[in-house]
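I opened the model to go through its helices, surface and charged pairs. My notes follow in the order in which I looked things up.

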Amino acid sequence: MQKEQEAFFSMALKVRNFATKNATTLNTIPGVSNQITQLNTLITNLITADTSSRSDLTGVAMLKATRRKQVETWSLKFSNALAALSVNNNDIVLQKKSDFTTSFWYKATEEELITNATILKNLATPVITNLGAYGVSPADLTAFNTAITVFTDSVSDPTLAID
């Protein structure tokens, strides 16, 4: 349930509790007992529907964390390789775009991680042959691209992961 739905449900439960505590007084008012009965039926139906909709998503969260860790690891590897290449070639612009600290990757939000990982991938693509000396191969670029895509899918459409 969304916050608004939970607030409405909470209000309905308060009305039901009030009706239960003050049943003798409320039953003297014509038509109220029918409304209270209907409210109790709707609340019971809502609780039944909500109970069956809650599923254990811990596996999905763990899978998402694993995918994030893969992107972080690849990003750090590419960042280090690109920074080393830029220092050796005296390319200040590439160095500023590609040099990230280790802590940046695990502290970054999902959006920052995806954005900066994609930037690194795009920076590495034209110079991939030069990155071999720094421990990055074309196969690594493919794996990095796949990791970004898989993580982006798990972030942008979690209902697919849940299904």
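**Helix H1.** I began with H1, which covers residues 3-21 and has 19 residues. From the first C-alpha to the last I get 27 Å, close to the 27 Å expected at 1.5 Å a residue. The expected span is 1.5 Å times one less than the number of residues. Helices here are DSSP runs of H or I with at least four residues, strands are runs of E with at least two, and both are numbered from the N terminus.

This is a predicted model, in which local features need pLDDT of at least 70, side-chain atom pairs count only at pLDDT 80 or more, and totals for chains, interfaces and linings use all residues. Residues are numbered from 1 along each chain as its sequence is written, and side-chain values use heavy atoms, with hydrogens and water left out.

**Faces of H1.** Which residues of H1 are buried? I find Phe-9, Ala-12 and Ala-19. Buried means under 20% relative accessible area, exposed over 50%, and partly exposed in between, with a 1.4 Å probe and protein chains only. Viewed down the axis of H1, the buried residues fall within an arc of 80°, so they line one face of the helix. The arc is taken over the directions from the helix axis to the C-beta atoms. On the other side of H1 I list Lys-3, Lys-14, Phe-18 and Lys-21 as exposed.

**Nonpolar patch.** I noted a nonpolar surface patch of about 310 Å², made by Phe-8, Met-11 and Val-15. Patches take residues with over 30% relative accessible area and no salt bridge; like charges are joined within 9 Å, and nonpolar side chains (Val, Leu, Ile, Met, Phe, Trp, Tyr) within 5 Å. Met-11 lies in H1 and is partly exposed, with a relative accessible area of 46%.

**Whole chain.** I counted nine helices and zero strands in the protein chain. Of its 163 residues, 26% count as buried. The accessible surface comes to about 10,600 Å², and 59% of it belongs to carbon and sulfur atoms. These areas come from the Shrake-Rupley method with a 1.4 Å probe; for residues, only the protein chains shown count as cover. Among contacts with a separation of 6 or more, 71% are between residues 24 or more positions apart. Contact means heavy atoms within 4.5 Å.

**Salt bridges.** How many salt bridges does a search of the whole structure find? It finds four. The criterion is a side-chain nitrogen of Lys or Arg within 4 Å of a carboxyl oxygen of Asp or Glu.

I looked at Glu-110 and Lys-64, whose closest N and O atoms are 2.8 Å apart in a salt bridge. Glu-110 is in helix H7 (residues 110-124) and Lys-64 in helix H4, so the pair ties together parts 46 residues apart in sequence. Both ends are partly exposed: Glu-110 at 24% relative accessibility, Lys-64 at 26%.

Next I took the network of salt bridges that links Arg-68, Lys-69 and Glu-72. Glu-72 pairs with Arg-68, the closest N and O atoms being 2.7 Å apart. These two are four residues apart in H4, about one helical turn. Glu-72 also pairs with Lys-69, with closest N and O atoms 4.0 Å apart; here the separation in H4 is three residues, about one turn of the helix. An α-helix has 3.6 residues a turn, so residues three or four places apart point the same way. Is each member buried or exposed? Glu-72 is buried at 10% relative accessibility, Arg-68 is buried at 15%, and Lys-69 is exposed at 51%.

Ala-84 lies in H4 and is partly exposed at 26% relative accessibility. I put its C-alpha 8.8 Å from that of Asp-99, 15 residues apart in sequence.

Asn-90 sits in the loop between H4 (58-88) and H5. Its phi is near 55°, a positive value in a residue other than glycine. Most residues other than glycine have a negative phi. Asn-90 is exposed, at 62% relative accessibility.

Ser-98 is in H5 (residues 92-98) and is buried, with a relative accessible area of 0%. Leaving aside neighbours within four places in sequence, I find Ser-98 in contact with Ser-79, Leu-82, Ala-83, Ser-86, Leu-120 and Leu-123.
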